Amino acid sequence: MSIRTVPTQPFTDQKPGTSGLRKKVTVFQGPHYLENFVQSIFDSIAAPQGATLALGGDGRYYNREAIQVILKMAAANGFGKVLVGRGGILSTPAASCVIRKYQTFGGIILSASHNPGGPDGDFGIKFNSSNGGPATETVTEAIFARSKAVSEYRILDAPDVALDALGETTLGVMRVQVIDPVRDYADLMESLFDFAAIRNLLAGGFRLKFDAMHAVTGPYAREIFINRLGAPAGDVIKAVPLPDFGGGHPDPNLTYAHDLVEVLYGDNAPDFGAASDGDGDRNMILGRKFFVTPSDSLAVIAANATLAPGYKKGIAGIARSMPTSAAADRVAQALNIPCFETPTGWKFFGNLMDAGKVTLCGEESFGTGSDHVREKDGLWAVLFWLNILAVRRQPVENIVREHWAKYGRNVYSRHDYEGLPTEAAQGVMRHLKSCFDDLAGARIEKYTVKCCDDFSYTDPVDGSVSKGQGIRIFFTDGSRIVFRLSGTGTEGATLRIYLEAYEADSSRHHLDAQVALADLIRIALQVSELELRVMRDKPTVIT
Ligand code: VG1
Ligand code: CO
């Protein structure tokens, strides 16, 4: 077996987005595309000779091929050992768990998360550091800079490694250990939550339905809900991971998880429904005929955290991404703990968790997690809810309504316009920025604009600054509208509008969010001139 040094030309478009580099599968399949990016990672992270790497992905189309390339490149770049999930599988939170538990130098995760898969779908790759979290912006910038200059990559000439049985093999002098992708993660969950209480709940007639969306969480959910918690086998649906997610869009929201939504809103609905995304880091929580917004879910978990054994001593602080509603802030205030507001993307939470400033983190995009790992964690959130339900023995809806009654309700919705012409979408953002001066103090219908800005974040731990993280329009009554361009799409541009209003009056808490936010939605469209500029008359997805 010999190491081959392959000359290559740099690509100009290997800039990691909100969560790693995401492109069409066909782009990754192009000559040297994957190899260039992997070499750029290895060149940037300066791992010591003989370091250990964790490796796995969400099982989407091209996962297996990419794993083999990365293993051979790791062997040629001086790594001593790679821990790889059996079959090349590791959910994103499980990868984070493995990096931390075995103290590896870092890990490479192959995933395009909630984006569709298959030969015409998306693929993605990202590097996670030794804390188990997504590389910080400083590191991803370094990888991007390297990708624009890389002129050769190193790869071992060797046959493919067998990945379907547990055990250790070698690739040149590098050891490859195929690990159970589920066990370490399931053990960690069992250490945090009261499995006996949840088992009891399920044995007492409480009915659960978990939709794995034919993505990576199927085996994890089966091990946890069925094998360890005794749920009937039928409670986990779409449990078989498929390389194209069965043709679906593995995004757990009201639009793309519609099969589950129908069950929970149908006759004889179960008590609790949940779904996760392509790589297992997102979650959607449903009660019987009731949807819990991710922002509310974070707040409810925070307010009830001490009910779970792993959090019984309380939480140090909460962090939420800027577009996420301020529901969690109200809980933090009541608990007298700090609440941080970060840019979108889990990579901004890592420093806060490492410094012990926060325990819980959340994003409005169906992401919730804690410092047990350094990624958001779909099944963790589902188990947290089940633990709360096992103790409180109330319907999901009642728990949320009681929460609103106590803290008030941050009425919230996000409207996404997907697949827009990039230039037109950027035009909307430029237009909004040009309106800041006129908007400040303006009266629009019954609202008065308090101020506008383009969100900028200074990391309180390392002082790094991230600018241009979303346009915010604040109103004097505490409502706000946020506009942001997505950093995870692979086709055209996706523009997100985030709408939030605070409602203290509990006689109005029953209102549908779209009804309660109708004025703000109209104002958002009017101010942004969106419909005219991108030629759309309705959003693609409303959550
Ligand atoms: C989206 C979400 C963001 C999330 C990111 C990765 O990013 O809005 O909150 O962190 O996806 O999630 P964007 O840039 O498209 O808005 V995952 O589950 O796709 O890794
Ligand atoms: Co994901």
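Trainee: How much area do domain 2 and domain 3 bury between them?

Mentor: Buried area is the accessible area (1.4 Å probe) that two parts lose on being put together, summed over both. Here domain 2 and domain 3 bury about 2300 Å² between them, with 56% of it on carbon and sulfur atoms. On the domain 2 side, M322, N351 and W404 lose the most area to domain 3, together 25% of what that side buries. Before we go on: this is a predicted model, where local features need pLDDT of at least 70 and side-chain atom pairs count only at pLDDT 80 or more, while totals for chains, interfaces and linings use all residues. Residues are numbered from 1 along each chain as its sequence is written, chains are lettered from A and ligands numbered from 1 in the order written, and side-chain values use heavy atoms, leaving out hydrogens and water.

Trainee: Which protein donors does the cobalt ion (ligand 2) have?

Mentor: Donors are N, O and S atoms within 2.8 Å of the metal (3.2 Å for Na, K and Ca); water is not among the atoms, so sites may look incomplete. For this cobalt ion, the protein donors are S113 (OG), D277 (OD), D279 (OD) and D281 (OD), at 1.9 to 2.1 Å. Their spacing in sequence is S-x163-D-x1-D-x1-D.

Trainee: Is S113 buried or exposed?

Mentor: Buried means under 20% relative accessible area, exposed over 50%, and partly exposed in between (1.4 Å probe, protein chains only). S113 has 2% relative accessibility, so it counts as buried. D281 is buried too, with a relative accessible area of 2%.

Trainee: How many aromatic pairs are there?

Mentor: Rings of Phe, Tyr and Trp (its six-membered ring) pair if their centres lie within 6.5 Å; planes under 30 degrees apart count as stacked, over 60 as edge-to-face and the rest as tilted. This structure holds 19 such pairs. Take F42 and F79: their ring centres are 4.9 Å apart and the planes meet at 50°, so the pair is tilted. Both of these residues are buried. For F193 and F384, the centres are 5.2 Å apart with planes at 65°, so that pair is edge-to-face. F193 and F384 are both buried as well.

Trainee: What lies over the face of Y502?

Mentor: A charge sits over a ring if NZ of Lys or CZ of Arg is within 6 Å of the ring centre and within 35 degrees of the ring normal. Over Y502 you'll find R330, at 3.5 Å from the ring centre.
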